[in-house]
Structure formats: C-alpha cells, structure tokens
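Open the structure in your viewer and keep the selection tool at hand. The stops below go from the whole assembly to single residues.

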Number of protein chains: 2
Amino acid sequence: MNIDFSYVNPTRIHFGRTAMQHLDDELRRYGRNVLLVYGRNSIKQNGIYDTVIASLKATGKEVFELSGIKSNPSYSQVFAGARLVEDNHIDLILAVGGGSVIDCSKGIAAAAHCKGDAWQRYWMQGEEVEHPVVPIGTILTMTGTASEMNAGSVITNEEAKIKQGRTFPLETFSPRFSILNPEFTYSVPRYQMVSGIFDIFSHLMEQYFGGDDDCVSDYLLEGDMLALISAARAAVANPHDYEARSNIMWCATMALNKILAVSKTQDWMVHQIEHQLGAYTDCAHGVGLAIVSVPYYRHIYRYGLPRFVRYAKNVWHVDPAGKSDEQVAQEGIECLNHFIAELGIPQSLREVGATEEMLPLIAQSCNKMGGYHVPSTDEVLQILRECF
Amino acid sequence: MNIDFSYVNPTRIHFGRTAMQHLDDELRRYGRNVLLVYGRNSIKQNGIYDTVIASLKATGKEVFELSGIKSNPSYSQVFAGARLVEDNHIDLILAVGGGSVIDCSKGIAAAAHCKGDAWQRYWMQGEEVEHPVVPIGTILTMTGTASEMNAGSVITNEEAKIKQGRTFPLETFSPRFSILNPEFTYSVPRYQMVSGIFDIFSHLMEQYFGGDDDCVSDYLLEGDMLALISAARAAVANPHDYEARSNIMWCATMALNKILAVSKTQDWMVHQIEHQLGAYTDCAHGVGLAIVSVPYYRHIYRYGLPRFVRYAKNVWHVDPAGKSDEQVAQEGIECLNHFIAELGIPQSLREVGATEEMLPLIAQSCNKMGGYHVPSTDEVLQILRECF
C-alpha cells in the first residue's frame with residue numbers, strides 16, 4: 001500500500017429481496033420535497049414506480065418528476081433537473097434506475113445552485129463544488145456502474161459531442177442510501193445484462209492494471225473478478241438465478257465503490273476510448289468496453305508484463321508451465337476474449353453503429369491516460385482499427 | 001448473496017506515512033474537551049504522544065487522559081473512563097493504540113450516560129444503546145482487530161472472569177476517523193506482530209467458514225487471506241518492510257470492517273474459546289487463536305467439507321489431483337498449521353500459562369456457536385485437550 005490515501009463512503013446499502021422495506025424509514029430522514037428521477041417506462045411496467053410513489057405518499061412527500069433520462073444522460077437533462085431542484089426547494093433527489101439515472105442525479109445535485117456554467121466548471125475544469133449538495137437516494141434497477149455507492153457522474157454534452165466523467169468527493173456525492181434488490185434486475189433485457197456484466201469486469205481491470213507492488217487491493221480485485229466470472233456464467237445460463245444475479249449486483253457495487261482502489265495506480269484508458277465511442281454512437285457502455293478491451297490489452301501488455309502474467313494465472317488459471325511470460329500474458333488476454341464471446345457480446349465497432357470516419361475523431365477527442373503506458377492518438381487509432 | 005443485509009460504515013480512513021497530517025483537520029470538527037485514551041509508555045517512547053499532544057494544543061483542546069489500558073481491557077477501566085466523560089463533558093474520545101485501547105474507548109462511549117449497570121445491559125444482555133454516543137477518533141499503533149473501522153468492543157469483567165465481545169451498530173460506534181500509519185507499528189515487538197497477523201487471519205477464517213452458497217464475500221475473503229499470507233511472510237523476514245507492514249495493516253482493516261462479511265453465514269467459535277482463554281490467562285489474543293484453530297478445524301471440517309476443500313485449493317493452492325475431498329481438506333488445515341509455525345507462534349496452551357484445571361472451566365464458560373456445527377462443552381474440552 002505504497003500510495004497514501006484517505007477513504008470514506010457514507011452510503012447506507014440495503015441489499016436483498018426485502019431491501020425495499022427500508023424505503024419509508026430512509027425517506028423520513030429528509031424534508032418534504034422530493035425530485036423523482038427515472039428513465040423511460042420500464043419502472044411503470046414492472047410495478048416499481050407504483051411502490052415508490054406509495055412510499056412517497058405514505059411519508060408525506062411532495063413529489064416532482066424528471067423522467068426520460070437517456071442511457072447516456074445528457075447535460076441538457078442535468079440542466080433541466082437543476083432548475084427543478086432550485087425552483088421547488090428539493091430536499092432529496094430519489095433516483096430510480098441504473099447508472100445513467102443516478103449519474104444524472106449527481107449531475108443535477110452539482111449543477112443546482114451553481115453560479116456560472118456547471119458543465120464547464122465541474123466536468124471540463126474539474127472544479128470543486130462549494131455549495132451545499134442536495135442528498136441523493138437510489139433504487140437500483142440495473143447493475144454495472146456502482147453509481148449507487150460512489151460519486152462518479154458521466155454526462156454527455158450532446159452539442160459539444162463530449163462524454164465526460166467526473167468523480168466528485170465520496171463524502172458529499174455518494175448516495176445517502178441505496179436500495180439494491182437483485183430481482184429488480186430480472187426485467188433488464190439480456191443484451192443490457194451482459195453489457196452491465198462487462199462494465200463491472202472492465203472497472204476491475206481498469207483498477208488492476210497499474211502499479212508494480214503487491215498491494216492488498218490487487219488481491220481483492222482478483223477476488224471480485226473471480227466472483228464475477230462465476231456469477232456471470234450462471235446468469236447467462238439462467239437469468240432468473242437469484243444467487244447469480246445477486247452476486248453480480250454486489251460484485252458491481254464492490255467493483256467501484258472505490259474501496260478496492262485504495263493505494264492503486266490505475267489505467268482507465270479503455271473507458272476513455274469508450275466514452276468518446278458513446279458520444280458518437282448509441283453503443284451500450286459495457287458493449288463498447290468489451291469491443292475495445294482485447295485490442296487495447298494486446299497493445300499495452302508488454303509495458304506491464306508481470307501484472308499481465310499475474311492476471312493470466314490468478315484470474316484465468318493459465319498454467320505457466322513451459323511458457324514464456326509473453327505467452328502466459330497473451331493467453332490471459334485470449335481468455336478474456338473467450339469470456340466476451342461466452343457472454344454473447346458483439347466484437348466489432350461496425351456492429352454497434354460506428355463508421356470508419358468516426359475512428360480518427362474518437363481517437364483524437366478521447367483523453368489519454370494509462371497504468372503502464374499512455375497511448376498516443378495514433379496508437380488509439382490503431383487500436384480502434386483493430387476492433388472495427 | 002442469499003442473506004439480505006444493510007451496511008454502512010462512516011469511518012474516514014487516513015492511511016500511509018502522511019496520515020498524521022490530517023489530525024488537526026479532524027480535531028477541528030469536534031468540541032473542546034477531548035479524552036485521550038492510551039496504554040502504557042510505548043507512545044511516549046516513540047514520540048507519538050508528543051505529536052498528538054501538539055496537535056491537540058494547536059487546535060485549542062482541553063485534554064483529559066486515561067492511560068494504562070491493558071491488553072484485555074477491563075470493565076473497571078471502561079467504568080473509570082465513563083466517569084471522566086460525564087464529569088468533563090467530553091466531546092471526542094481520542095484512542096491512541098491498538099484494538100484494546102479502541103475497544104475500551106467504545107466501551108467508555110457506551111457506558112457514559114448509561115442508566116443502570118452498563119456491563120449487564122450492553123455486554124451481557126446485548127441491549128441497544130439509546131443515549132447519544134460520544135464520537136471516537138483513533139490513531140492506530142498496532143494492527144489486528146480492525147477496531148479502527150468497526151463497532152466491536154471486547155471487554156473483560158475481571159471480577160466475573162468473563163471476556164465478552166459486543167458489536168454495536170457501525171453507524172454510531174465506528175470511529176469517525178482513524179489514522180493508520182504503518183510505520184507506527186514498527187515498534188511493536190515481534191511476538192505482538194505475529195499475534196496480530198494471526199488475529200487478522202482468524203477473522204477472515206471465522207467469516208469464511210459458514211454457508212454453502214458461492215457468495216462474493218467468500219471470494220473477497222480469499223483475496224484478503226492471500227494478501228495477508230504474502231505480506232506476513234515478507235514482514236517476518238523483515239519487520240521494517242514498509243510494503244509488507246502496510247499491506248498487513250490494510251488487510252486487518254478490510255478483514256473486519258464488515259464489508260467482507262455481508263450476506264455471510266459465519267463461525268466465530270475459535271474466538272469464543274479464545275475469549276475465555278483470555279479471561280483465565282494473559283495469553284496474547286492472536287496467539288490464543290492460533291493455538292486453538294488447528295485442533296478446532298480438524299474437529300469440525302467434516303461438517304462443512306466442500307468449503308474446507310475450497311479453502312485448501314484457493315487459499316493454500318493444494319493440488320486435489322488423486323486425493324479424496326477429505327484428504328484435500330485435511331491438507332489445507334495442515335498448511336494452516338505450517339503457516340502458524342512459520343510465524344513462530346507457540347503451539348500449545350501450556351506455553352501460554354494455561355493449566356489443566358482451567359480447561360473444563362474454559363470449555364464450560366465459553367459461548368457455543370459455529371458456521372457448520374455448534375460444538376458441545378465436551379467437544380470444546382476435547383479440542384482444548386488436543387492443544388494443551
């Protein structure tokens with residue numbers, strides 16, 4: 001643990017089939033005015049909307065709604081939500097949905113009461129939020145981003161064609177409470193389920209590929225990867241397997257509530273490429289990550305060879321006997337490739353609506369970073385071509 | 001994740017060589033009257049006491065002291081601290097030391113302002129604490145119990161000869177902040193270091209041995225065990241290896257801040273036996289756990305055979321080829337036995353001051369519980385005789 005750190009995460013988690021029973025008690029901790037933020041119609045179809053409204057009524061709340069949050073939530077939606085918060089003296093933002101809805105809600109909490117252009121100040125310049133932040137509560141219906149227990153907010157500025165992530169301080173922006181009932185994820189279509197699974201897996205790899213010490217966080221990241229591989233296989237075989245879906249849900253929260261990232265040098269370049277892919281196409285986030293990952297790791301593994309050897313052995317159980325480190329590392333990346341195929345995820349950018357003309361634009365506009373190597377625009381373009 | 005759970009842990013961790021730089025800012029969050037709780041002279045010898053006093057002065061605090069906390073903190077010390085809190089309107093209890101000092105401080109926070117007999121109400125009857133709880137901050141000088149990030153308080157009633165653990169709610173009793181500088185643990189004598197290491201390892205095993213599902217927490221517990229084995233070997237070879245000591249310190253916090261225990265059926269019988277051993281002897285906690293563990297697991301593994309097979313394979317890399325499950329499980333327990341020997345920990349009760357007359361008293365007085373099997377008094381006596 002060579003890198004010093006501070007960590008606190010105030011989210012109260014309620015997990016399981018009975019998690020929703022805690023909603024009334026949670027709501028009673030806040031004032032009267034609640035902004036309910038959600039996506040499209042699915043929570044009305046599966047009954048979650050009615051349950052939440054009943055709880056809001058029972059606890060005497062005045063409810064304001066912002067619906068139609070998109071899978072890449074836009075800054076214009078953030079802006080609209082911020083006006084609702086300001087105009088109606090909102091005491092609690094209740095996000096019902098997946099990462100998009102929760103990320104959007106954090107964006108709203110940041111943009112409300114902001115003097116000046118919140119997009120520029122918080123997402124582009126990374127300024128600290130100094131005004132009081134409206135508390136957020138969440139009811140999770142789709143797993144992947146861990147937005148339910150972290151302070152990340154990825155927002156797309158559609159005019160500027162920029163999808164930009166921002167990590168606010170956990171202490172102020174992590175949801176005050178999050179309700180996680182794995183059964184709520186049953187209605188997520190299979191394509192979104194496997195996309196979410198790969199998003200989780202990518203979060204773990206992004207944090208794992210960096211550093212050359214033997215850090216506790218690395219072992220815990222490996223543990224979470226192993227748990228996820230096992231649960232993903234069970235969920236793909238039977239999407240209504242409660243044990244599998246509940247394991248995936250908790251893998252996701254642990255993968256990015258930042259407790260497994262302490263003292264870690266990290267990578268996050270796959271996410272940078274995918275964010276710009278998301279700004280140019282409607283590609284599901286996890287699917288985009290899966291398409292980019294294998295060519296990216298084939299490109300950079302030589303810069304962090306011992307870690308890629310460790311990954312192959314500890315995560316994919318590659319037997320190193322009689323093989324060079326290069327071969328072991330490559331075999332690990334091929335195991336990842338097989339896993340993506342097993343999940344039934346598309347494996348080319350072409351399949352998710354990208355055109356050849358987009359590739360240089362994506363390569364140029366994405367942020368450049370890395371755990372072992374920071375790729376140039378040319379290298380990113382090469383990687384994109386390999387997965388086109 | 002078949003067992004529903006709620007989880008929140010409000011402790012703010014500051015970790016690393018620079019962690020102490022956060023002390024002034026933390027102290028400024030609280031009122032003027034601070035009760036400083038510590039053990040014997042070691043924090044005066046290594047300079048930590050002077051640093052803390054300087055910080056308390058710089059932030060304008062009025063300091064009250066309770067020192068001489070023993071390694072098995074006594075209820076009479078808890079009682080004395082509670083009187084100091086009440087008489088001096090204490091705003092913050094600052095615990096400087098290891099688990100004993102922090103456990104004692106939580107006991108003080110519970111006992112202060114308690115109507116009636118706090119020992120009976122909170123430790124023996126397990127009543128909820130309903131009065132406001134004085135916040136606790138910690139500066140950790142010895143690792144093992146994770147008391148720096150949980151709400152456990154093990155107290156010994158010397159008159160009644162009962163050592164009793166109590167887990168208070170994390171939300172109210174977890175320290176508000178904890179400062180973890182691995183260098184502060186360098187001055188801990190080797191015997192205490194290995195005792196602490198085994199205490200951590202035992203916490204992980206106690207949580208691991210229970211349940212028959214394939215739960216995320218099990219994978220994370222395995223990850224923490226693997227990290228600890230690696231770091232322990234490095235620390236035994238060179239106690240001033242910062243990387244090793246820092247890994248051990250964080251393994252300990254993660255091992256019992258309860259985040260790896262969510263949704264887990266657990267065991268904790270080894271701790272029950274050791275607590276009563278601690279009530280009758282001065283045996284270091286981790287040493288007592290090590291002595292009891294191997295005979296205990298030899299006794300109970302058949303009741304949870306698949307989990308003991310998994311433990312052997314995933315934690316000790318036992319090759320199952322050509323072996324029965326029984327043999328694999330037994331080999332895993334023998335690996336644990338070798339690890340204890342490697343750490344240089346005594347392996348019999350005789351060596352730590354127990355007498356043959358004590359064994360039936362310990363067997364009778366300890367609580368009975370278990371993840372796969374709840375042993376009878378006779379079984380505990382048999383186990384104690386095997387490690388005598």
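Predicted model: local features only at pLDDT ≥ 70, side-chain atom pairs only at ≥ 80, totals over all residues.

Stop 1: Colour chain A and chain B separately. A rotation of 180° with 0.0 Å of shift along its axis places chain A on chain B, with an RMSD of 0.0 Å. The two copies are therefore related as by a two-fold rotation axis.

**Stop 2: the contact between the chains.** Select the residues where the chains touch: 37 come from chain A and 37 from chain B. On the chain A side, the elements that give two or more residues are β1 (5-15), α9 (216-237) and α10 of chain A. Which of them gives the most? It is β1(A), with 10 residues. Sorted by class, the chain A side of the contact holds 18 nonpolar, 11 polar and 8 charged residues. Of the interface residues of chain A, 100% are also interface residues in chain B, so the copies meet through the same surface.

**Stop 3: the paired strands.** Now show residues 5-15 of chain B, which form strand β1 of that chain. This strand and β1(A) run antiparallel and are joined by 7 bridges. To see one position in the pairing, pick A:Ser6 and look across to B:His14 in β1(B), which stands opposite.

**Stop 4: the nonpolar core.** In soluble globular proteins, nonpolar side chains tend to be buried together. Here the largest nonpolar core has 262 residues. Select A:Val37, A:Ile93, A:Cys251, B:Val37, B:Ile93 and B:Cys251, the members that touch the most other members. Then centre on B:Ile93. Leaving aside residues up to four places away in sequence, what does B:Ile93 touch? Its contacts are B:Leu35, B:Val37, B:Ser105, B:Ile108, B:Ala109, B:Val134 and B:Ile136.

**Stop 5: two residues with positive phi.** Go to A:Ser263, in the loop between α10 (242-256) and α11 (269-280) of chain A. A:Ser263 is not a glycine, yet has a positive phi of about 65°. Is A:Ser263 buried or exposed? A:Ser263 counts as buried because 21 C-beta neighbours lie inside 10 Å, and the cut-off for buried is 20 or more.

Finish in chain B at B:Ala146, in the loop between β5 (136-140) and β6 (152-157). B:Ala146 also has a positive phi of about 65° without being a glycine. With 23 C-beta neighbours inside 10 Å, B:Ala146 counts as buried.

Technical notes
Residues numbered from 1 in each chain as written. Chains lettered and ligands numbered in written order. Core = buried A, V, L, I, M, F, W, Y, C linked by C-beta atoms within 7 Å. Buried ≥ 20, exposed ≤ 12 C-beta atoms within 10 Å, placed from the backbone. Contact = placed C-beta atoms within 7 Å. Helix = DSSP H or I, 4+ residues; strand = E, 2+ residues; numbered from the N terminus. Nonpolar A, V, L, I, M, F, W, Y, C, P; charged D, E, K, R; others polar. Pairing = 2+ DSSP bridges. Least-squares fit on C-alpha atoms with pLDDT ≥ 70 in both.
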